[in-house]
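This report describes the fold and packing of the structure shown below. It goes through the chains in turn, then the sheet, the helix contacts and selected residues.

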Amino acid sequence: MMDVDAFQSISGVLSDADDARRGGVTGGSRVDSTGLGDVHMLLFGDMKQLPPATGKAPFVVLPLVQTFDFRVLRQNRRVVQDEARREEIELFHTILTDISHCEPTKSVRDFIVGAYVRGASVGTAEHSPLEGNTAVFTKRRYRDAWNRCVTRRISKSHNHTVKIKAKVRARGQRGQNW
Amino acid sequence: MVTTIEAERGGEALVNEHEGLDVENGFGDGGGDDARPLAKLNARQLEELLHERERQMRQGGPDGEETDQWRVYKEIVHALAGPTRLRMMVQASAGTGKSFLLTSVYLWCLVNTMSCIAAAPTGIAAANIEIDGTDVCAATLHNVFDLDSEYTSNLDFSKPGVEKVGAILKMKVLFLDEARHVQPFILCGAWGGGQTPGTSDKLMDNRSA
């Protein structure tokens, strides 16, 4: 994550550097009207990743960044090590991309319905493969029960303890609503 | 010795490979073949590496079309060679080749002797940006811009002899990785919130780049 404050500080530094390059002249006729100076600037990131839950607003408009050209990489370029899973991985990538672009395609619908069905039967967590399956639940306690079971199975199969390093509670939530 | 495990990619990258391997960890004795520093690639080898990466970026487009990666790469290097200062944000979700694109453009800058700096918000993200045997690497934002905990920079541009100041004054290209949520494209564009005029159209027009 890059904090908005950090971005503003960087803009300030680049502006100062631009002044210094031009011999200490502050303001005046800059090479670049954005104030970022005489440098090419390329930002890379996944704007669809949610930021950590903090007291700050998760999305902030920076007028400066709105002047940037915006390009999107959509195609899956991941190197597939297990050739047998290529199709499955490609499909999963397509589904995630469609979801992120708010496109309720057939594959998205099938995926979500399938995930609900997987989580619906009692005891499926005991038999669910540890690769390739995602389950969705209507209630938090069902999800917790699934996670407990899968965590236990993973720790058993890999012969080490799996620890939960953090629990997150939404702002304003109290009690056990993790 | 700092070892960065890239579990997601199933590989390992050693941040300071040139210092040899840990004795305590049983990875080696620090003097064997494995501990030798990687030879720096010369100019010709850098060019060959760049061509190889360009070839990889061209491959794998749907139905023989250009890949997104190659199209954006071409646009970037064309702009870098031109007089206008490029301001570009590349949105890429996991597995779409964002880091490969970033390091390839960085490599292009090295081949074309263009001074550049790459930075990322965290050490882990910065360690992810590197190409073995080259100067392609990144540091944290705090390191590059000498930021304190309040995000105030301590760089003094009246002292160009200071290493960090000199590097920024020389810099022609700045790469910022993991620069997410500085802009609510997600709300105004893809999710139909419409809070920021113009950006949603921008997103839709360019999303296949």
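Along its sequence, chain A of this predicted model follows the pattern α-β-β-α-α-α-α, which comes to five helices and two strands. Chain A has 178 residues, of which 21% count as buried. Among the contacts in chain A with a separation of 6 or more, 30% are made by residues 24 or more positions apart.

The mean pLDDT of chain A is 77, and 75% of its residues reach 70 or more. Within chain A, confidence is lowest in helix 1 (residues 4-21), where the mean is 77, and highest in helix 3 (residues 106-120), at 89. Where pLDDT is low, the predicted coordinates should not be read in detail.

Chain B has eight helices and six strands. From the N terminus on, the elements of chain B run β-β-α-α-β-α-β-α-β-α-α-β-α-α. Of the 209 residues in chain B, 33% count as buried. Residues 24 or more positions apart account for 43% of the chain B contacts with a separation of 6 or more.

Is strand 2 of chain A enclosed by the rest of the structure or left exposed? Four of the five residues of this strand (residues 69-73) are buried, so strand 2 of chain A is largely enclosed by the rest of the structure. The pairing of strand 2 of chain A with strand 3 (residues 87-92) of chain B is parallel and runs over five bridges. In that pairing, A:Leu73 has B:Ala92 of strand 3 of chain B as its bridge partner.

Elsewhere in the sheet, strand 4 (residues 116-120) and strand 6 (residues 173-176) of chain B run parallel and are joined by four bridges. Here B:Ala119 stands opposite B:Leu176 in strand 6 of chain B.

**Helix contacts in chain B**

Helix 3 (residues 98-111) of chain B is in contact with helix 1 (residues 43-58) of chain B and with helix 2 (residues 68-81) of chain B. The table sets out the two axis geometries.

| Helix pair | Axes come within | Crossing angle |
|---|---|---|
| Helix 1 and helix 3 of chain B | 10 Å | roughly 145° |
| Helix 2 and helix 3 of chain B | 11 Å | roughly 35° |

Helix 1 of chain B passes helix 3 of chain B in a left-handed crossing. On the side of helix 1, the contact is made by B:Leu46, B:Glu47, B:Leu49, B:Leu50, B:Arg53 and B:Met57, and on the side of helix 3 by B:Ser104, B:Leu107, B:Trp108, B:Leu110 and B:Val111. These residues divide into eight nonpolar, one polar and two charged.

Helix 2 of chain B passes helix 3 of chain B in a right-handed crossing. Helix 2 contributes B:Gln69, B:Val72, B:Tyr73, B:Ile76 and B:Val77 to the contact, and helix 3 contributes B:Leu101, B:Ser104, B:Val105 and B:Trp108. This contact has seven nonpolar residues, two polar and no charged.

**Two individual residues**

B:Ala179 is found in the loop between strand 6 and helix 7 (185-190) of chain B. Is B:Ala179 buried or exposed? With 28 other C-beta atoms within 10 Å, B:Ala179 is buried, because the cut-off for a buried residue is 20 or more. The C-alpha atoms of B:Ala179 and B:Ala119 are separated by 9.7 Å, although these residues are 60 residues apart along the chain.

A:Thr124 lies in helix 4 (residues 124-127) of chain A. A:Thr124 has 15 other C-beta atoms within 10 Å and is therefore partly exposed. Leaving aside neighbours within four places in sequence, A:Thr124 is in contact with A:Arg118 and A:Gly119. The C-alpha atoms of A:Thr124 and A:Cys149 are separated by 9.6 Å, with the two residues 25 residues apart along the chain.

Note on methods: Residues are numbered from 1 along each chain as its sequence is written. Chains are lettered from A and ligands numbered from 1 in the order in which they are written. This is a predicted model: local features need pLDDT of at least 70, side-chain atom pairs count only at pLDDT 80 or more; totals for chains, interfaces and linings use all residues. Axes are lines fitted to C-alpha atoms, for helices over the stretch in contact, and angles run from 0 to 180 degrees between N-to-C directions. A crossing is left-handed if the near helix is turned anticlockwise from the far one by less than a right angle, and right-handed if clockwise. Two residues are in contact if their C-beta atoms, placed from the backbone, lie within 7 Å. Ala, Val, Leu, Ile, Met, Phe, Trp, Tyr, Cys and Pro count as nonpolar, Asp, Glu, Lys and Arg as charged, and the others, Gly among them, as polar. A residue is buried if 20 or more other C-beta atoms lie within 10 Å of its own, exposed if 12 or fewer, and partly exposed in between; C-beta atoms are placed from the backbone. Two strands pair if DSSP finds at least two bridges between them. pLDDT is the predictor's confidence in each residue, from 0 to 100.
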